[in-house]
Amino acid sequence: MTTLIIGLLTPVLIVGAIIIFFVRRGLQIKELCDHGIETTGHVEGKRTVKPSNSGARQKKLEYRYSDRTGATHSHTSVVPTDIYDRYDEGSPIEIVYSSKHPDISAPRYVIDQARQAMRKP
C-alpha cells in the first residue's frame with residue numbers, strides 16, 4: 001500500500017515542483033518589467049548541458065553584475081543559440097535587475113520581449 005501511495009504521489013510532487021518553478025520565474029520577470037534597473041554585466045562562463053531525458057542541449061550563460069550599492073551578483077540563464085554565440089567569456093552583456101531584490105536578474109533581451117508581450121514601454 002505504501003509503495004502505491006509513493007508511486008502515485010511522486011509524479012504529482014514532480015509536476016507541482018515544475019509548476020512552482022515556472023510561476024516563481026514568471027513573477028520574477030514581472031518584477032523586472034515593473035521595477036528593473038538596466039546595467040551591464042560580464043559573461044563569466046558559457047556551457048552546454050544535455051538534460052538526461054532530452055536530446056537537445058541547453059546553452060547557458062553565467063554572468064556577474066554589480067547593483068547600485070556595489071554588491072555583486074551572479075546568475076545563470078538558459079539562452080537560445082544565437083544569443084549564446086553572440087557572447088564570449090569576459091564580454092559585456094546588458095542585463096536588468098530588480099530595484100527591490102537586486103539578486104533577481106535576467107538578460108535585457110528577455111525583459112524587452114516580456115515588456116513587448118505585456119505592452120509595457
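**Figure 1. A look around Ser 77 and its contacts.** Leaving aside residues up to four places away in sequence, Ser 77 touches Lys 59, Lys 60, Leu 61, Tyr 63 and Pro 107. Please keep in mind that this is a predicted model. Ser 77 belongs to strand β3, which covers residues 72–79. With a relative accessibility of 8%, Ser 77 counts as buried, because buried means under 20%.

**Figure 2. Here we meet the aromatic cluster of Tyr 63, Tyr 65 and Tyr 97.** Tyr 63 and Tyr 65 make a tilted pair, with 6.1 Å from centre to centre and 40° between the planes. Both Tyr 63 and Tyr 65 are buried. The ring centres of Tyr 65 and Tyr 97 lie 5.6 Å apart with the planes at 25°, so this pair is stacked. Relative accessible area is 2% for Tyr 65 and 3% for Tyr 97.

**Figure 3. Two lysines sit over the ring of Tyr 84.** Lys 46 lies over the face of Tyr 84, 4.3 Å from the ring centre. The charged end of Lys 59 is also placed over the Tyr 84 ring, at 5.1 Å from its centre.

**Figure 4. Helix α1 and its packing partners come into view.** Helix α1 runs through residues 2–35, and its end C-alpha atoms are 48 Å apart, in agreement with the 50 Å that its 34 residues should span at 1.5 Å a residue. Its buried residues are Arg 25, Gln 28, Ile 29, Glu 31, Leu 32 and Cys 33. These buried residues pack against β1 (36–49), β3, β4 (92–98), β5 (105–107) and α3 (108–118).

Terms used: Residues are numbered from 1 along each chain as its sequence is written. This is a predicted model: local features need pLDDT of at least 70, side-chain atom pairs count only at pLDDT 80 or more; totals for chains, interfaces and linings use all residues. Side-chain values use heavy atoms; hydrogens and water are left out. Helices (H or I, at least four residues) and strands (E, at least two) are DSSP runs, numbered from the N terminus. Buried means under 20% relative accessible area, exposed over 50%, partly exposed in between (1.4 Å probe, protein chains only). Contact means heavy atoms within 4.5 Å. The expected span of a helix is 1.5 Å times one less than its number of residues. Rings of Phe, Tyr and Trp (its six-membered ring) pair if their centres lie within 6.5 Å; planes under 30 degrees apart count as stacked, over 60 as edge-to-face and the rest as tilted. A charge sits over a ring if NZ of Lys or CZ of Arg is within 6 Å of the ring centre and within 35 degrees of the ring normal.
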